[in-house]
Amino acid sequence: MKYFSTRNSSKKVSSIEAILKGLADDGGLYVPESIPEIDIDLLEGKNYKEIALEIFRLYLTDFTEVQLKNMIESAYSDQFDIENLVDVKKVDKQSILELFHGPTLAFKDMALSILPYFMVEAKKIKNVNEKTIILTATSGDTGKAALEGFKDVPGIEIIVFYPNEGVSDIQKLQMLTTEGVNTHVVAINGNFDDAQRSVKEAFSNLKLRELLKEDSFVFSSANSINIGRLIPQIVYYFYAYLEMIKQGSIYKGDSIKISVPTGNYGNILAAYYAKEMGLPVEKLICASNENNILTDFINTGQYDTNRDFVKTISPSMDILVSSNLERFIYQISNGNEQLIRDKMNDLKENKKFEIEKELVDTIKKIMIADYVTEEETLKTIKTCFEKTGYLLDPHTAVAYSVSENIGENILVVSTASPYKFGDSILKGLDINTDELDVEDINFEISQLCKESTPKSLVNISEKEIKHHRVCGINEIEKTIKEILKVGSKND
Ligand SMILES: *Cc1c(COP(=O)(O)O)cnc(C)c1O
């Protein structure tokens, strides 16, 4: 399987090159030259890791079967608190796919626990001796998951930029207490879009790249622009479908609707890939919070970032420029790279773009988009808990709420553990949190879900803060140079 940029299909690269580079040189995102099909019957009776192997071998053809198996085994074992990594639970009429049983309690672990293995193995195969600098912008969860995944991995240095005021207390503590000799966490005085844009700019900054090269450093990305993030996310959709059959929620062959709380469009794009590979999906439901730019886009064809950025209780979805939308438009336009170049240019120049009606109609055939307000999100957390005893985190609550009243056979994707956003959840349940510290809140949540606090969060507020750096949105390049100690000679 070869890969090329969404903006230029003539330059093909191997899967390991695509993973090592992260972003294509022309600023586009790598896509597979075709989406492979898979026979679901083949996957029946297999466990999570076996399904992962079947999917990976179709996309990551530069690794041998033994290499893939070893990487899966190393990445997907003790780090997860359940054998099959994910869980499917029937809650009221919906099935909930819990993707938060990994080391950092959010779905980002599904891909970020294996991406470091892909990279290290790829470097070995390609004889890359330079040090890889993983540049990552995070809306809260990618940061910690990437830090955990890449911590102390030889030959790799990881730098994470997060919006200073835009993440939950637990998310911040998780990141700032990260150990490891190769981890760097930087607060930026801006929002996620600022962080993501600056990181992308650093990537395409030739001068900076040259400078780093002199010191044997190369950039790569742990954001979902990296195709190595996307492929592992396809696996759980197949697993969940088979699990729904096992649990008697659907019959074999039934089509399902998948509701995904969406931010950077990576998770829902993986669901789209699963559908194209042959998973019976009737509709993908793109669920947003008050940053409802995707709702507008899917319903009207207009993508306009000239609007206020809202800080919500589902901060991992507080995004106005969803990178993976580029891949999606590429796929549904049958690989129209000229269209992608034009639209991405419009986005850069005018901060907006528009697609024509026919393409909107194509999207609408496979997708429903809607959003919920903050108030509705809190109400959903409350009513769901009162009715079923199940605690939804605010991101999951967004997807849950949007999926109500759209029929049967619904899979709601749960992207974070309630512990990550305990404060907001308690507010939703009308519990006053003014006097509560992080530990009290964790205790309250554990009482409500009748489970003990996850190990990684016990006494988290007492752990040593290891990272103190703060930078302005225009200081990312300078910060990178400082951290890597390059460029001081002639700058
Ligand atoms: C990252 C994240 C999302 C958004 O996922 P995308 O792939 O960026 O669309 C939703 N919920 C949580 C908890 C997340 O961490």
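Where does Ser-417 lie? Ser-417 sits in the loop between strand S15 (410–414) and helix H18 (422–428).

## Before you look around

This is a predicted model, with residues numbered from 1 along each chain as its sequence is written. Local features need pLDDT of at least 70, side-chain atom pairs count only at pLDDT 80 or more, totals for chains, interfaces and linings use all residues, and side-chain values use heavy atoms, with hydrogens and water left out.

## Back to Ser-417

Ser-417 is buried, at a relative accessible area of 3%. Buried means under 20% relative accessible area, exposed means over 50%, and partly exposed is in between (1.4 Å probe, protein chains only). Setting aside neighbours within four places in sequence, Ser-417 is in contact with Phe-100, Leu-105 and Asp-393; contact means heavy atoms within 4.5 Å.

## The whole protein

Zooming out, the secondary structure comes to 20 helices and 16 strands. The radius of gyration is 21 Å, close to the 23 Å that the globule rule gives for 491 residues, so the protein is as compact as a globular protein of that length. That radius is taken over C-alpha atoms, and the rule is 2.2 Å times the number of residues to the power 0.38. Along its principal axes, the C-alpha trace spans about 65 × 50 × 50 Å.

Of the 491 residues, 61% count as buried. Among contacts between residues at least 6 apart in sequence, 74% join residues at least 24 apart.

## Two nonpolar cores

A nonpolar core is a set of buried Ala, Val, Leu, Ile, Met, Phe, Trp, Tyr and Cys residues joined through side-chain atoms within 4.5 Å. Which residues touch the most other members of the largest one? Out of its 113 residues, they are Phe-56, Phe-238 and Ile-258. Helix H10 (residues 227–246) gives this core its largest share, 13 residues. Apart from it lies another core, of 34 residues, with Ile-285, Ala-287, Met-317 and Leu-426 among them.

As for Phe-238, its contacts beyond four places in sequence include Ile-38, Ile-40, Leu-43, Ala-274 and Met-277. Ile-227 lies in helix H10 and counts as buried, at 1% relative accessibility. Leaving out neighbours within four places, Ile-227 is in contact with Tyr-3, Ala-18, Ile-19, Tyr-30, Pro-32 and Arg-327.

## A covered helix

Helix H13 (residues 325–332) is mostly covered, with eight of its eight residues buried. After H13 comes Asn-334, with a positive phi near 55°.

## Two lysines with positive phi

Lys-351 isn't a glycine, yet its phi is positive, about 60°. You'll find Lys-351 in the loop between helix H14 (337–350) and strand S13 (352–354). Is it exposed or partly exposed? Lys-351 counts as partly exposed, at 46% relative accessibility.

Lys-450 also has a positive phi, about 55°, without being a glycine. Lys-450 is in the loop between helix H19 (438–449) and strand S16 (469–472), and Lys-450 is exposed, with a relative accessible area of 74%.

Notes. Helix = DSSP H or I, 4+ residues; strand = E, 2+ residues; numbered from the N terminus.
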